[in-house]
Amino acid sequence: MCELYSKQDTLTLREKHIGPSCKIFFAADPIKIMRAQGQYMFDEKGERYLDCINNVAHVGHCHPEVVRAAAKQMELLNTNSRFLHDNIIEFAKRLTATLPQRLSVCYFTNSGSEANDLALRLARQFRGHQDVITLDHAYHGHLSSLIEISPYKFQKGKDVKRESVHVAPAPDTYRGKYREDHEDPSTAYADEVKKIIEEAHSSGRKIAAFIAESMQSCGGQIIPPAGYFQKVAEHVHKAGGVFIADEVQVGFGRVGSHFWSFQMYGEDFVPDIVTMGKPMGNGHPISCVVTTKEIAEAFSSAGMEYFNTYGGNPVSCAVGLAVLDVIEKEDLQGNAVRVGNYLIELLNEQKAKHPLIGDIRGVGLFIGIDLVKDHEKRTPATAEAQHIIYEMKGKGILLSADGPHRNVLKIKPPMCFTEEDAKFMVDHLDGILKVLEEVMDSKSGIVVSENAAHRTKVDIHGSYVALSLQMPNLSATQAREIHSGKRNGVCSDQHALLNKRLKT
């Protein structure tokens, strides 16, 4: 692709013409991405970056089979679903074949937000109840109906929680109300939902749905304790509500052992509604709601037709079918198991070495690194996380942070991520942590950053340490060469490239 504007002009024009609430990655030194392939992205200078965060490009950026499927169908026909077409039928059959038998009716939409909005409509129509229980720190989409049930959003803005929305504690056994030393955290967290239901009923309110990601993403890569969802589903069903499993971020084999993340909690747990999106089209906008025949019939009996102009169009379905084919042909679920296990093993080795790492949690290629300044207090290392992200970017590795304190490094790469990629990422993380922790141990000082544009402050026991440049910035390519020993046989993770000045 030909570059139309310089990087600075692109940034300036973006600020002028694009809504200011749309945040950009690495705002202090943004990357201008021109193309991508597999698990790699390339900027306007041709510098390559290992993508560790893009769970949308599920089977790999610009996968040739997906691109061909889209182009081939676009040459023939693209229209709405009021006409008969085989693609939508075949796609629905393939999707429902991956799900428990009673989840058999599909509604095709165009984004995760559309899917979750429709899921709420289905749930509320089912028995005429209105109230929704959501988890603290949850995010389910950008529509008004979803901001209302997304504490991750409404707790940061001016929106006030509606009376019909109830927030249950996130089932976080590392940082939450009931931790790993609790005798039965799943029951304790589920009882919090039961209590909410009882309080709602005492006020004359009725529960329509409980909604949760099968693994909480924006909340900090949270994996609920075993048995939690089963117990919650029991309480919700007794109240006449339905269970909505949001698989928009975590579905399509990302956990490796199962196609859908909710399936790893056991065969005795089956949601009433499942929503899916992001990875479904590998970057093409397509999503879906799958539910039971009973819920679908209650929805249609209301007399309001559901129609979506682009939902389930022939091109989108062709793309979705191609994604399913690639997952199967390339054994990407098996890859998620193999590489995910290897990566978690490497990260646990780092946890044993580095006091900044408080917790490693994850399944398959969905992993979180919880950074702390104090292991006992589990004080979030927020500023340190941001510094690490920028330093990793300087090495040609893209990471980001999430969680309520933005101290959890999240790893959700394309599913073609390899063991070599995992090793490359962890080796550089090791080097960055080593230098950062030495500065923190010194209580105060200045540490050199290899990232010329990024200057930040890291809170060290109440004081601040400035991270500033003392030598020329290295390109991502140079960082890779150093890592592989090509530049004078020196590893970039050693102090030879860094000059640390300690304050006295």
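Colleague: Where in the structure is the place of Leu-13?

Modeller: Leu-13 lies in helix α1, which spans residues 7-17. Helices (H or I, at least four residues) and strands (E, at least two) are DSSP runs, numbered from the N terminus. This model is predicted, so local features need pLDDT of at least 70 and side-chain atom pairs pLDDT 80 or more, while totals for chains, interfaces and linings use all residues. Residues are numbered from 1 along each chain as its sequence is written, and side-chain values use heavy atoms, without hydrogens or water.

Colleague: What does Leu-13 count as, given its relative accessibility?

Modeller: Buried means under 20% relative accessible area, exposed over 50%, and partly exposed in between (1.4 Å probe, protein chains only). Leu-13 counts as partly exposed because its relative accessibility is 30%.

Colleague: Is Ser-214 buried or exposed?

Modeller: Ser-214 has a relative accessible area of 1%, so it is buried. You will find Ser-214 in the loop between β7 (207-213) and α8 (228-238).

Colleague: Which residues is Ser-214 in contact with?

Modeller: Contact means heavy atoms within 4.5 Å. Leaving aside neighbours within four places in sequence, the partners of Ser-214 include Pro-224, Phe-229, Ala-245, Val-250 and Tyr-265. Glu-247 is also one of them, and its side chain makes a polar contact with the side chain of Ser-214 at 2.6 Å.

Colleague: Now the strands. In what order do the 4 strands of the open sheet stand?

Modeller: Two strands pair if DSSP finds at least two bridges between them. Here the order is β1-β2-β3-β14, with mixed pairing. β1 (33-37) and β14 are at the edges with a single partner strand each, so one side of each has no neighbour in the sheet.

Colleague: How many bridges join β2 to β3?

Modeller: There are 3, between β2 (residues 40-43) and β3 (residues 48-51), and these strands run antiparallel.

Notes:
A polar contact is a pair of N or O atoms within 3.5 Å; within protein, one must be able to donate a hydrogen and the other to accept it, and residues adjacent in sequence count only if both atoms are side-chain atoms.
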